[in-house]
Amino acid sequence: MEYKKVAECRVCGSKKLTKYLDLGEVPLANNLESPEKKYPIEMLLCEECSLSQLSIVVKPEILYASYPYHSSVSQTFKKHCRSMALAVKEILLKKSDLLNHMAVDIASNDGCLLQEFKEEGFYVMGVEPCKELAKEAEIKGISTVDDFWNEDTFKRVPACDVITATNVFAHVDDVKGFMELAKNKLRAYSKGIIVVEVPYMANLLNYVQFDTIYHEHLSYFLFKPLHRLFKDMGCPIFRVDQVPVHGGSLRIYASPYDYEIEGSVNEMLLSEANSGFYDVQTYGEFAENIEFIREDLPFLLFSLSEEGKKVMGYGASAKGISLLNYCEVDYTSIHSIVDETPAKQGKLTPMSNIPIFSFDAFEREKPDYILLLAWNFAEELIKKTKHLGAKYIVPIPQVVII
Ligand code: JHZ
Ligand code: ZN
């Protein structure tokens with residue numbers, strides 16, 4: 001079997017899972033090599049802890065067989081990583097007098113985050129299952145264990161003062177096993193911490209970011225289930241920040257050692273409780289909002305192509321590829337997509353069959369419209385293409401031309 005069905009909530013074990021969204025069957029968004037296989041996308045809400053989760057888990061060996069995503073392509077993301085390294089350093093320095101702390105990053109990709117920790121004087125080590133990415137990080141001087149985070153890799157990394165896991169926690173099925181191993185790597189002397197970043201479900205709901213729903217993302221976290229999970233694991237969250245990256249994420253700081261719980265934790269729980277996010281009706285409204293985008297985007301693109309306008313996409317992001325598939329948009333209305341990740345160039349998007357080109361395609365093709373498929377980096381993308389004089393289509397939270 002290439003995937004398993006989810007029978008109980010991975011955070012609280014409840015079997016009361018209510019289906020609230022069905023987006024049909026689509027290929028794996030980051031697999032540009034073998035796009036023919038499709039798998040269902042359905043969202044379930046746990047009635048007990050309010051964790052949203054996909055109804056299936058595709059085998060990681062299939063899901064990550066080829067993984068072209070490189071964190072370092074975005075300058076915005078690099079800056080974000082720098083601010084994280086600084087924030088972590090400040091916390092650790094308050095607890096111990098160590099001159100050099102040790103940071104381990106799980107799913108370290110091309111070493112983007114660890115480079116910033118290194119700049120701040122940390123010893124660093126990455127854990128990254130994609131062999132190619134691990135090799136690239138090694139070349140940049142970031143020691144990297146090239147496998148998933150498991151009992152075996154656990155033995156291959158040193159005890160450390162901080163474990164970071166950004167944009168990987170939502171990808172993990174056995175979140176408790178993941179946490180247990182991470183917790184056991186933290187040094188007592190320095191009062192080690194775990195720092196996790198996940199896209200925030202509240203933003204997904206409020207800003208109709210349904211394109212961020214794809215097979216890699218098994219869980220969609222509100223703060224409540226995260227808070228519960230970390231508490232159950234003996235590693236309570238002592239601080240939570242909202243950070244703007246990837247359409248709005250939660251950054252949580254947790255530790256098995258004695259940290260005073262900051263006000264942000266209770267504030268976040270309170271604000272969620274008053275928001276309606278624990279109420280299944282909210283999810284019905286979200287599903288309705290998705291339908292507006294699924295109608296508007298193909299209609300706009302069809303009318304532009306009738307008028308003879310050339311539309312190109314910017315950012316062959318996993319969310320962009322998912323958006324096109326959910327809206328049934330393909331090469332007949334999008335000429336091509338520019339993406340500055342060499343590993344994506346020369347490939348076709350799965351199902352929609354749109355060619356992916358390097359940046360010079362913009363200069364060559366002179367599009368009338370640019371569809372911002374990586375809308376989370378809109379500012380950076382617009383800055384780089386302003387000189388082309390094209391108009392921009394922003395698809396999320398509603399389809400608009402700017
Ligand atoms: P981007 C990623 O999803 C990866 P994706 C992952 N699945 C995850 O969990 C979420 O984030 C949260 C390109 N680009 O980062 C690079 C340029 O070409 O929005 C990327 O291919 N030039 C682990 O894939 C894409 O756009 C640029 O200047 O949806 C952006 O993808 C910039 C800024 C980006 O995430
Ligand atoms: Zn639950």
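A donor is an N, O or S atom within 2.8 Å of the metal (3.2 Å for Na, K and Ca); water is not among the atoms, so sites may look incomplete. By that rule, Cys9 (SG), Cys12 (SG), Cys46 (SG) and Cys49 (SG) coordinate the zinc ion (ligand 2). This is a predicted model: local features need pLDDT of at least 70, side-chain atom pairs count only at pLDDT 80 or more, and totals for chains, interfaces and linings use all residues. Residues are numbered from 1 along each chain as its sequence is written, chains are lettered from A and ligands numbered from 1 in the order in which they are written, and side-chain values use heavy atoms, with hydrogens and water left out.

**The zinc site**

- The four cysteine SG atoms sit at 2.3 to 2.4 Å from the zinc ion (ligand 2).
- Angles among the four donor atoms run from 99 to 117 degrees, and the site is tetrahedral (for four donors, all angles lie between 85 and 135 degrees).
- The ideal angle for four tetrahedral donors is 109.5 degrees.
- Along the chain, the donors of the zinc ion (ligand 2) follow the spacing C-x2-C-x33-C-x2-C.
- Cys46 counts as buried because its relative accessibility is 1% (buried means under 20% relative accessible area, with a 1.4 Å probe and protein chains only).
- Cys49 is also buried, at 1% relative accessibility.

**The shell around ligand 1**

- Ligand 1 is surrounded by 25 residues (each has a heavy atom within 4 Å of it).
- The closest are Tyr69, Lys319, Asp339, Glu340 and Lys384.
- By class, the shell holds nine nonpolar, nine polar and seven charged residues.
- Helix 11 (318-326) and helix 13 (378-385) each supply at least two shell residues (helices are DSSP runs of H or I, at least four residues, numbered from the N terminus).
- Helix 13 gives the most, with three residues.

**Polar contacts of ligand 1**

- A polar side-chain atom of Tyr69 lies 2.7 Å from an oxygen atom of ligand 1 (a polar contact is a pair of N or O atoms within 3.5 Å).
- A backbone N or O atom of Ala318 is 2.8 Å from an oxygen atom of ligand 1.
- A side-chain N or O atom of Glu340 is 2.6 Å from a nitrogen atom of ligand 1.
- Taken alone, ligand 1 exposes 740 Å², and the protein buries 97% of that.

**Thr282**

- Thr282 lies in helix 10 (residues 280-306).
- Thr282 counts as buried because its relative accessibility is 17%.
- The side chain of Thr282 reaches the backbone oxygen of Gly276 at 2.6 Å.

Definitions and conventions:
Tetrahedral: all angles 85-135°; square planar, octahedral: opposite > 155°, others 65-115°. Buried < 20%, exposed > 50% of the residue type's maximum accessible area, 1.4 Å probe, protein only. Polar contact = N/O pair within 3.5 Å; in protein donor to acceptor, adjacent residues only side chain to side chain. Areas by Shrake-Rupley, 256 points an atom, 1.4 Å probe, with all protein chains shown as cover. Nonpolar A, V, L, I, M, F, W, Y, C, P; charged D, E, K, R; others polar.
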